[in-house]
Amino acid sequence: MTEPLPKLAAPLLPLLPRLELDPPAMAAIAGATTAAEGIAKLEAAGLRNEAARLAAHALPKREAVWWGCMCARAVPDPALTPADTAALQAAEAWVRKPGDDGLRRAAMEAAQRTGFRSPEAWAAVGAFWSGGSMAPAGQPEVPPPDHLTGVAISGGVVLAAVRLRPERAQERLARFLISARDIAAGGAGRIVPEEGAQPVGAKIVEVG
């Protein structure tokens, strides 16, 4: 029996305009009605990049940000800058308290110190784009478009997949998708870091 994935049960059709799938990918998802079904069909067709993009847009925002953090942790970079480490920690802090607007804004402030070149940075951006306002505090509210967290997380997941050893991208994406399904089922989505890499600091917490 297939494990239920309640956090990937979103209808597929409204998500399609965000994905910009090419004809082979559209053909692969024929008959799918939920995001979980679409992800399974894309992965079965060998289209893991597209499956990961769909997962980033389909997961609830808090879970999507957490997934981005788990993917970043799965491929640690021994040369990661302190700013990028801080961005990861800021994203995870927001996941722990997603209703705290100060933590949401702190995530973006941390990301801005990175140069936006790492999956850690984009996890933090995804937290900032999750809701609230994109305008400076005290200014008229400018709500972020609903799809922006998915954009940030999908970009970060791709960066994690190709980090240091891009030839491992497809193997990594397979592990990332297992993590996304675990998160969707209520788990923590932990991914064992690649052997020989130094894990980034900060405690992993449950999101279920």
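1. The side chain of Asp77 reaches the backbone nitrogen of Ala79 at 2.9 Å, in a model that is predicted, where local features need pLDDT of at least 70, side-chain atom pairs count only at pLDDT 80 or more, and totals for chains, interfaces and linings use all residues. Residues are numbered from 1 along each chain as its sequence is written, and side-chain values use heavy atoms, with hydrogens and water left out.

2. Asp77 lies in the loop between helix H5 (61-74) and helix H6 (82-96), helices being DSSP runs of H or I with at least four residues, numbered from the N terminus.

3. Beyond neighbours within four places in sequence, Asp77 is in contact with Arg163 and Leu164, where contact means heavy atoms within 4.5 Å. Leu164 is found in the loop between H9 and helix H10 (169-184), and has a positive phi of about 65° although it is not a glycine. At 52% relative accessibility, Leu164 counts as exposed, the term for values over 50%.

4. A positive phi is also found at Phe116, near 60°, in a residue other than glycine. Phe116 sits in the loop between helix H7 (101-112) and helix H8 (119-128), and its 31% relative accessibility makes it partly exposed, that is, between the buried and exposed limits. Most residues other than glycine have a negative phi.

How values were computed:
Helix = DSSP H or I, 4+ residues; strand = E, 2+ residues; numbered from the N terminus. Polar contact = N/O pair within 3.5 Å; in protein donor to acceptor, adjacent residues only side chain to side chain. Buried < 20%, exposed > 50% of the residue type's maximum accessible area, 1.4 Å probe, protein only.
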